[in-house]
Amino acid sequence: MDQELNYFNYFTEVERFYQSKRESFTLLSTLDWVLIENWKEQGIPLEIVLKGIDRAFSNPKRKRRINSLAYCVRAVEEVMEEQKDLTIEAPDLPDFRDDEVRAYISRLADDVAKVDDGIASTVRAVDVTDLRTAEQSLSALEEKLIAKLKFTADNETMIALKKEVDAELNPFRSTMTAPQLSMFEQQMWRRKLLERFNVPRLSLFYLL
């Protein structure tokens with residue numbers, strides 16, 4: 001399998017393969033998306049992730065139905081350990097037309113403007129001639145947006161989000177390490193905070 005799959009196809013291929021292994025279709029949860037993002041950010045080759053998912057579903061000792069990618073974490077780690085020599089290079093971003101990217105950036109800015117006009121203006125000014133740099137800029141702006149939402153949210157909202165994250169993570173606490181749980185908890189909380197304020201992720205991934 002080509003280890004230089006573009007950045008966005010990584011997410012699509014993991015989702016497609018996981019769905020093909022399930023007995024019935026289900027939407028990916030916040031935790032599932034966080035797991036895929038984490039695998040990608042660690043530079044784990046797509047081939048290893050898919051082998052890990054396959055191993056988790058094929059395990060004859062499996063006692064429970066797999067309804068989340070979280071049940072595949074340990075299997076992915078096992079395959080990664082067995083194939084340490086496999087590495088992945090920084091993937092090439094797909095070639096979108098400038099007008100497509102500008103239109104998408106404009107839509108993101110319109111959504112962000114509901115929360116903060118200043119951040120929205122900076123989003124609109126993102127240079128789309130270099131997609132990798134644009135993605136980095138959007139990531140930095142998302143950090144500012146998260147900080148603003150955290151400040152804006154009332155205590156009731158924050159407590160509700162914490163309960164939602166705990167409810168999703170609780171079934172998998174025995175299968176993950178403490179550092180993994182801490183990282184996933186933080187990433188899930190960020191996603192849910194954006195969703196609560198109806199603000200999209202600031203990433204070119206969703207342009208597809």
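The legends below describe an overview and several close-up views of a predicted model. In this predicted model, local features need pLDDT of at least 70 and side-chain atom pairs count only at pLDDT 80 or more, whereas totals for chains, interfaces and linings use all residues. Residues are numbered from 1 along each chain as its sequence is written, and side-chain values use heavy atoms, with hydrogens and water left out.

**Figure 1. Overview of the chain, with nine helices and zero strands.** Helices (H or I, at least four residues) and strands (E, at least two) are DSSP runs, numbered from the N terminus. Along the sequence the pattern reads α-α-α-α-α-α-α-α-α. Of the 208 residues, 45% count as buried; buried means under 20% relative accessible area, exposed over 50% and partly exposed in between, with a 1.4 Å probe and protein chains only. Contact means heavy atoms within 4.5 Å. Among contacts between residues at least 6 apart in sequence, 77% join residues at least 24 apart.

**Figure 2. Aromatic cluster of Tyr-10, Phe-11 and Trp-33.** Rings of Phe, Tyr and Trp (its six-membered ring) pair if their centres lie within 6.5 Å; planes under 30 degrees apart count as stacked, over 60 as edge-to-face and the rest as tilted. A search of the whole structure gives four aromatic pairs. In the pair of Tyr-10 and Phe-11, the ring centres are 6.3 Å apart and the planes lie at 70 degrees, so the pair is edge-to-face. Both Tyr-10 and Phe-11 are buried. Lys-40 lies over the face of Tyr-10, 5.4 Å from the ring centre; a charge sits over a ring if NZ of Lys or CZ of Arg is within 6 Å of the ring centre and within 35 degrees of the ring normal.

Figure 3. Gln-19 counts as buried, at 13% relative accessibility. Not counting residues up to four places away in sequence, Gln-19 touches Ser-24, Phe-25, Thr-26 and Leu-28.

**Figure 4. Buried side of helix α5 (residues 98-112).** The buried residues of α5 are Val-101, Tyr-104, Ile-105, Leu-108, Ala-109 and Val-112. They cover an arc of only 140 degrees around the axis, which puts them on the same side of α5; the arc is that of the directions from the helix axis to the C-beta atoms. These buried residues pack against α6 (117-124) and α7 (131-152). At 1.5 Å a residue, the 15 residues of α5 should span 21 Å, and the end C-alpha atoms are 21 Å apart, which agrees. The expected span of a helix is 1.5 Å times one less than its number of residues.

**Figure 5. The two sides and the N-terminal cap of helix α7.** Leu-131, Ala-134, Glu-135, Leu-138, Leu-141, Glu-142, Leu-145, Ile-146 and Leu-149 are buried in α7. They cover an arc of only 165 degrees around the axis, which puts them on the same side of α7. The face turned away from this buried side carries the exposed residues Gln-136 and Phe-151. At the N-terminal end, Asp-130 caps α7, with a side-chain oxygen 3.1 Å from the backbone nitrogen of Arg-132. The 22 residues of α7 should span 32 Å at 1.5 Å a residue; the end C-alpha atoms are 31 Å apart, which agrees.

**Figure 6. Packing of helix α8 (residues 155-169).** Thr-157, Met-158, Leu-161, Val-165, Asp-166 and Leu-169 are buried in α8. The buried residues of this helix pack against α2 (30-41), α7 and α9.

**Figure 7. Arg-190 and Leu-193 in helix α9 (residues 178-196).** Arg-190 is buried, with a relative accessible area of 16%. Its side chain and that of Glu-143 are joined by a polar contact of 2.7 Å; a polar contact is a pair of N or O atoms within 3.5 Å, where within protein one must be able to donate a hydrogen and the other to accept it, and residues adjacent in sequence count only if both atoms are side-chain atoms. Leaving aside neighbours within four places in sequence, Arg-190 is in contact with Glu-142, Glu-143 and Ile-146. Leu-193 counts as buried at 0% relative accessibility. With neighbours within four places in sequence again left aside, Leu-193 is in contact with Ile-146, Leu-149, Lys-150, Ala-153, Met-158 and Leu-161. The C-alpha atoms of Leu-193 and Leu-161 are separated by 7.2 Å, and the two residues are 32 residues apart along the chain.
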